[in-house]
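Subject: Structure handover

Hello,

I am passing on a structure for you to look through. My notes on it follow below.

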Amino acid sequence: MRKPLRVLVPLAAALPLAFPAVANAQSGASTYQAMLNPLNHSTGSGRITVELHGDQATVTEHFSGLASTFMKKPYPHVQHIHINGNGKCPTTSADTNNDGVVNTAEGQPAYGPIGTSLTTTGDTSAKSGTALTRFPAGADGTYHRTFTLDSATMSSLTSGKGVVVVHGLDPTTLSKKAQGEKSELVPTLPLAATSPVLCGPLTAMPNSGASTGGGSTSGVQNLALFGLGGGLLAAAAGAVVVRRRAGSVG
Ligand SMILES: [Cu+2]
């Protein structure tokens, strides 16, 4: 009657698959993920993972289906981890001026101000929120970067208030009224350029060692909403290529 024991062999063989997650938790690492869902009539999508080892964040992101060109150049998609809001993405009811677009400011009660700018190079603080030349561009993209995560963003992640927002709408998807509007943040740009296109709340992955909520957000700085660096873009007079001047933003 040893035959039933053999049945257990496949189960035992499968056990090691569970070990990496356990080891991950024991090493102090934690992982957060978000599905990036379309806002403002976009048809794009994306997915992002933030893996933390201490204060080192490795971010891996894929997105597709976004606007591809802007003023004959690859469309810049500025993107941030917004923090210290309600940890949610806005619904259409956030469109308080009824132009058919939930702009960045209208969405802020849901996702909060910028905590981290997911730039491709250099500074990752809120100060780089509108540094158009240092963000992914084009319709589809893969983003991968490891950088030091600031304590305010870290705090929001652990309290379930980190929300990834990608910006930059295809203008043709906007209402006629909205197509004629300027960005509420950067008046030299059209509304479409700075409005949210993808959004997803970051949630802790099970067994990753991440806290699943309840953290304090006290002491978190009231960091700049995307666009406080409007002077930078104003200087660009609508051009996509913006020369970054250290300290001129935020
Ligand atoms: Cu943002």
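Is C89 buried, partly exposed or exposed? C89 is partly exposed, with a relative accessible area of 23%. Here buried means under 20% relative accessible area and exposed over 50%, with partly exposed in between, using a 1.4 Å probe and the protein chains only.

Some ground rules. This is a predicted model, in which local features need pLDDT of at least 70 and side-chain atom pairs count only at pLDDT 80 or more, while totals for chains, interfaces and linings use all residues. Residues are numbered from 1 along each chain as its sequence is written, and side-chain values use heavy atoms, with hydrogens and water left out.

Overall picture

The protein has seven helices and 11 strands; these are DSSP runs numbered from the N terminus, with helices being H or I of at least four residues and strands E of at least two. Of its 250 residues, 47% count as buried. Among contacts (heavy atoms within 4.5 Å) between residues at least 6 apart in sequence, 72% join residues at least 24 apart.

The disulfide

There is one disulfide, meaning a pair of cysteine sulfur atoms within 2.5 Å. C89 and C199 form it, with their sulfur atoms 2.0 Å apart. C89 lies in the loop between β6 and α3 (104–111) and C199 in strand β10 (residues 196–201), so the pair ties together parts that are 110 residues apart in sequence. The torsion about the S-S bond is about -95 degrees, so the disulfide is left-handed. C199, at 2% relative accessibility, counts as buried.

The copper ion

The protein donors of the copper ion are H80 (ND1), H82 (NE2) and H167 (NE2), lying 2.0 Å from it. Donors are N, O and S atoms within 2.8 Å of the metal (3.2 Å for Na, K and Ca); water is not among the atoms, so sites may look incomplete. In sequence the spacing of the donor residues is H-x1-H-x84-H. H80 lies in strand β6 and H167 in strand β9 (residues 163–167), so the pair ties together parts that are 87 residues apart in sequence. Both H80 and H167 are buried.

Helix α4 covers residues 151–158, and its buried residues are A152, T153, S155, S156 and L157. Their cover includes β1 (29–38), β2 (45–53), β6 (79–82) and β7 (114–117). At the N-terminal end, D150 caps α4, with a side-chain oxygen 3.0 Å from the backbone nitrogen of A152. After α4 comes G160, whose phi is positive, near 75 degrees.

T116 lies in strand β7 and is buried, with a relative accessible area of 1%. Leaving out residues up to four places away in sequence, T116 touches residues including H80, D150 and T153. The side chains of T116 and T153 are joined by a polar contact of 2.8 Å. A polar contact is a pair of N or O atoms within 3.5 Å; within protein, one must be able to donate a hydrogen and the other to accept it, and residues adjacent in sequence count only if both atoms are side-chain atoms.

Nonpolar cores

A nonpolar core is a set of buried Ala, Val, Leu, Ile, Met, Phe, Trp, Tyr and Cys residues joined through side-chain atoms within 4.5 Å. The largest has 36 residues, and I48, V50, L118 and L202 have the most contacts inside it. Elements giving two or more residues to this core include β1, β2, α4 and β10. Apart from it lies another core of five residues, among them L39, Y111, V163 and C199.

Regards
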